[in-house]
Amino acid sequence: MRSVLDTFLVARFELMRAMRTWRAVALATLYVIALSGATYIYVRILWFIEAGLAETLGVPANDKPGAMMNELMDNGDLTRMLQEMSGSPEAVEYLLTWPLLSIWGLWIGILLLPFLATSAAAECISIDMSTRALRFEALRTGRAELVLGRFFGQVALTGIAASFGLVGAWVVGMTQMVGNDPIVLAYGLAAMGLRAWLFGLPFIGLGVAWSQWTASPNWARVLSVSFTAGSWILFGLATEFRDSSWGWLSDLVLQVLPQGWLNGLWHPTDWIISGGVYIALSLLAVGLGFIRFSRRDL
């Protein structure tokens, strides 16, 4: 119980420090701007599609999109868009039951959240190792509790930033579209935002791992962001060669990459399995970093 309490106290300290030093505000502001801006762009894309359909049908176009969703579904444009976004034709019927903006929020979160999360997490330990201030914390608790506390603090920080981003997307959806039920849209954004947050967990673990390996916050951030970008490149290569003679290796790589479990996020129940894998991968990354941190001189 003492170990659990120490981990909680370190996590609370990490979160409070992020708020006190304005890192939390900066991360939340950045994600709000990114997600709100991306949502506005998506709304304008919907408006162009509706305007084209209205011209084809010979009816006047509205100033805001959302009034012709049924026609878009019948026309097939919406179905094709969701199929391209999810990469899973089997999931389209399920996705059509959710507000479009919530699906877009998940897609943008998958692209943006890993980079923001790993960049913020990369300095959670290294910044105190560079000043040797970490020694004073290590005198009061174990190294494992210290690392796990910092990790859970970053998990909470990313969750808070993602929540503010979803609020921004909700405001854009309610003001720039018509036909959105505020409760349904809020629930859809929250449900899909949870899945995007789960996808970001392994990258938080990656940032914490590199933060344990180097005492330079800048190097930890560069390595974390580089490996995050590299994971997408590796995912593309593994997907490309999946049907080749190296398919067995591609399947193996996809099992350990967070992107390899992406399809589950677009399904009604499989997202829980993917979420469990993301939690396991995040703890594995933290554990790999701890191999170095447990032996280094603080």
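E14 counts as buried, at 1% relative accessibility (buried means under 20% relative accessible area, exposed over 50% and partly exposed in between, with a 1.4 Å probe and protein chains only). The model is a predicted one, in which local features need pLDDT of at least 70 and side-chain atom pairs count only at pLDDT 80 or more, while totals for chains, interfaces and linings use all residues. Residues are numbered from 1 along each chain as its sequence is written, and side-chain values use heavy atoms, with hydrogens and water left out.

E14 takes part in a salt bridge with R17, in which the closest N and O atoms are 3.0 Å apart (a salt bridge is a side-chain nitrogen of Lys or Arg within 4 Å of a carboxyl oxygen of Asp or Glu). R17 and E14 both belong to helix 1 and are three residues apart, about one turn of the helix. Helices are DSSP runs of H or I with at least four residues, strands are runs of E with at least two, and both are numbered from the N terminus. R17 also counts as buried, with a relative accessibility of 11%.

A salt bridge is likewise found between D128 and R150, with 3.1 Å between the closest N and O atoms. D128 lies in helix 7 (residues 126-131) and R150 in helix 9 (residues 143-176), so this pair ties together parts that are 22 residues apart in sequence. D128 is buried at a relative accessible area of 9%, and R150 counts as buried at 0%. Through salt bridges that share partners, E14, R17, D128 and R150 are joined into one network.

In total, the structure holds six salt bridges. Another one of these is formed by the side chains of D6 and R2, at 3.3 Å from N to O. Both residues lie in helix 1 (residues 2-20), four residues apart, which is about one turn of the helix. D6 counts as buried at 10% relative accessibility, whereas R2 is exposed at 55% relative accessible area.

Aromatic rings were examined next. A pair of aromatic rings is described by the distance of the centres and the angle of the planes. The structure holds 12 aromatic pairs (rings of Phe, Tyr and Trp, the last by its six-membered ring, pair if their centres lie within 6.5 Å; planes under 30 degrees apart count as stacked, over 60 as edge-to-face and the rest as tilted). W210 and F227 form a tilted pair, with 5.1 Å from centre to centre and 55° between the planes. W210 is in helix 10 (residues 182-213) and F227 in helix 11 (residues 217-240), so the pair ties together parts 17 residues apart in sequence. F227 is partly exposed, with 45% relative accessible area. Ring pairs also link F199, F203, W232, F235 and Y278 into a cluster.

The charged end of R44 sits over the ring of W47, 4.9 Å from its centre (NZ of Lys or CZ of Arg must be within 6 Å of the ring centre and within 35 degrees of the ring normal). R143 lies over the face of F293, at 5.8 Å from the ring centre.

Helix 10 packs against helix 13 (residues 270-293) at an angle of about 5°, with the axes 7 Å apart (axes are lines fitted to C-alpha atoms, for helices over the stretch in contact, and angles run from 0 to 180 degrees between N-to-C directions). Helix 10 is therefore roughly parallel to helix 13 (angles under 35 degrees count as roughly parallel, over 145 as roughly antiparallel, 65 to 115 as roughly perpendicular and the rest as oblique).
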